[in-house]
Amino acid sequence: MSLLDVINTHPVTLTLNHTIGEALQLMLQHRLESMPVLDEQQRLAGRFGVHELLGLLLPKAATLEPGLSDLSFIANTSEHMRTRLRQVSAHRVGDHLSEAVTLRAGTSLPEALLLLYRHGSELPVVETNGQFVGMVSPWEILAALAAPEQN
Amino acid sequence: MLGAEAAPVIFGWDVLWVASTLFVGSYAVIMSEQINRAIVALLGAGLMILLGVLNQQAAVRGVDFNTLGLLIGMMVIVAVTRKSGVFQYVAIWSAKKVDARPWGILLMLSCVTALFSALLDNVTTVLLIVPVTLLITEELEVKPYPYLFATIFASNIGGTATLIGDPPNIMIGSAANLSFNDFLLNVAPIIPVVFAATMLPIYLIWRKEFVASDTARERVLSFNENEAITDPRLLKQSMTVLVLVIACFIFAHPFQLEPATIALAGAALLLLLENLPHSAEHQSKNVHSAFAEVEWVTIFFFVGLFIMVYGIEQAGLIKLLADRLIGLTQGDFTTTTLTILWSSAILSALVDNIPFVATMIPLIKSLAPSFGGPEQIKPLWWALSLGACLGGNGSLIGASANLVVAGFAERAGYPIRFVPFLLVAFPLMLLSIAISSVYIYWRYL
């Protein structure tokens, strides 16, 4: 089995100019944890997802490293968070990207499993020039491994 | 001149030239900030030995383990204490005490910063305070710049007050055998004046910015500081040890207890108390994380620096510079003291004050015979301390704490730029040195 057997070549992707509001809609609609963000030449620019969005809702001081270790002293109110979410909804996805951990089509299965083990969700596969190929998820790999072996 | 200490210098080069070239070269590379300063200092120290300026035994003798032990001990104590949440507690409590009014918050956080800096390392203090400052200013919807600016000044001013507050003082105290109380009685009295004289211009410059809406203030007032205490047991333990350590600094000098012994013993006691109820595995994890928080880059930088300075001292460069200084001031004590104060301040604003102080220490020591002995030259140490510590406020690169605050500000999206900072900070630093000059002149000269 190679990565090409389990790759999803038509995943939901974002462009740099999508708004965060649009990204949130896609995330909720498809229950996606993280999406690849592509530039105009279809090269992978980074990723945007739950982690980045939660970071934008939290006070900046809590997401810095080393920052506040806990926020238990802040009163339990959702109103401020709603306002924040409304404010950031108009921002460009391109301004809040995270760097993506990537796989190559030739990445070995053990290496791909190790990266999925370390980084959790789906990982993008790119060519050497950065061109986006698709996404590999642990679900597909596990399904392929659990299926009866074909000769 | 070198006696049995030195190995033969290779190629028959003049030892004074080799040592001086190495020292000036390393200094230049450190200032350029292109290569990590610990690497440069260790490489310079290694070359001092390889090129025969010092042998290894002499190099080790040059390292001031009292300074290193004090730094490491205090870093471990802070690493354990911070886990209790006490620093966040104090910062939030102080912000609420002033009804979450912006100017009051700035003043209170500055006082807290100055106080912590006097008892802990400046860098540690700002690492603890700045995240809370950023949180409060974000909730208040005010620009964080004046608050961060004040934090930088407060940390350097507060750190000047005590033996353990700022690395230059630790080095000076250790080298000149000055006690915690010596600093408390000679340097600390002027610090509140300098602090007040700095806060006033900060208020005048940014007074229009100190406005927050009632809803924003309500948000800060709704913080529950008691929730910030994450580990009440650890809080009690660390406060007990911290009080014990500071009491020892104050009272134990007559018993020949060096600061490094006190700090390291305190660190060991706190680790013991914290880990006593835990399993062996949990203990090794805890102890590992406490030691991992020691700033090893700073420690190794010190090691390299001490060896390099010992190298130029042994080679005769320090004596040469001291004679030049005496010549320049014509042996007049008042002129020498004020020259040391002002030149330390201006140089410390432009270059890292740690290598500067490391170089000045043997230089001032060698002035003692000209001015009647170690007792008589004490004002020179106070001048060096005030100059080097307060001078750090003069520019963004003047002290490590400044760079740490700037780093935070950058990552939080409110960058502090070099020139705008310099335009306000340098004159404010000169004001603090002018006040110090009057104080030193009035009290000692």
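This is a predicted model: local features need pLDDT of at least 70, side-chain atom pairs count only at pLDDT 80 or more; totals for chains, interfaces and linings use all residues.
Where does the pairing show up?

Zooming out on chain A, the count is seven helices and five strands. Reading from the N terminus, the elements go α-β-α-β-β-α-α-α-α-β-β-α. The C-alpha trace spans about 60 × 35 × 30 Å along its principal axes. Of the 151 residues in chain A, 23% are buried. And for contacts between residues at least 6 apart in sequence, 59% join residues at least 24 apart.

Over to chain B, where the tally is 22 helices and zero strands. How does the radius of gyration of chain B sit against the globule rule? It's 22 Å, close to the 22 Å the rule gives for 445 residues, so chain B is as compact as a globular protein of that length. Its C-alpha trace spans about 75 × 55 × 45 Å along the principal axes. Buried residues make up 50% of the 445 residues here. Taking contacts in chain B between residues at least 6 apart in sequence, 80% join residues at least 24 apart.

I picked two helix pairs in chain B to show you. Pair one is helix 1, residues 15-32, with helix 2, residues 37-50: they pack at an angle of about 170 degrees, axes 9 Å apart. Anything over 145 counts as roughly antiparallel, and therefore that's what we call helix 1 and helix 2 of chain B. On the helix 1 side the contact uses B:A19, B:L22, B:S26, B:V29 and B:I30, while helix 2 brings B:R37, B:V40, B:A41, B:G44, B:L47 and B:M48. By class, that contact has eight nonpolar residues, two polar and one charged.

Pair two is helix 19, residues 353-367, and helix 20, residues 378-391, of chain B. The angle is again about 170 degrees, with the axes 11 Å apart. Helix 19 and helix 20 of chain B are therefore roughly antiparallel too. Which residues meet? From helix 19, B:N353, B:F356, B:V357, B:M360, B:I364 and B:L367; from helix 20, B:L380, B:W381, B:L384, B:A388 and B:G391. This contact has nine nonpolar and two polar residues, and no charged ones.

Last bit, the place where the chains touch. How many residues does each chain put in? Chain B gives 20 and chain A gives 13. On the chain B side, helix 5 (86-97), helix 7 (122-140) and helix 21 (400-411) each supply at least two residues. Helix 7 of chain B has the largest share, six residues. By class, the side of chain B that touches chain A has ten nonpolar, five polar and five charged residues.

Conventions: Residues are numbered from 1 along each chain as its sequence is written. Chains are lettered from A and ligands numbered from 1 in the order in which they are written. Axes are lines fitted to C-alpha atoms, for helices over the stretch in contact, and angles run from 0 to 180 degrees between N-to-C directions. Helices (H or I, at least four residues) and strands (E, at least two) are DSSP runs, numbered from the N terminus. Angles under 35 degrees count as roughly parallel, over 145 as roughly antiparallel, 65 to 115 as roughly perpendicular and the rest as oblique. Two residues are in contact if their C-beta atoms, placed from the backbone, lie within 7 Å. Ala, Val, Leu, Ile, Met, Phe, Trp, Tyr, Cys and Pro count as nonpolar, Asp, Glu, Lys and Arg as charged, and the others, Gly among them, as polar. A residue is buried if 20 or more other C-beta atoms lie within 10 Å of its own, exposed if 12 or fewer, and partly exposed in between; C-beta atoms are placed from the backbone. The radius of gyration is taken over C-alpha atoms; the globule rule is 2.2 Å times the number of residues to the power 0.38.
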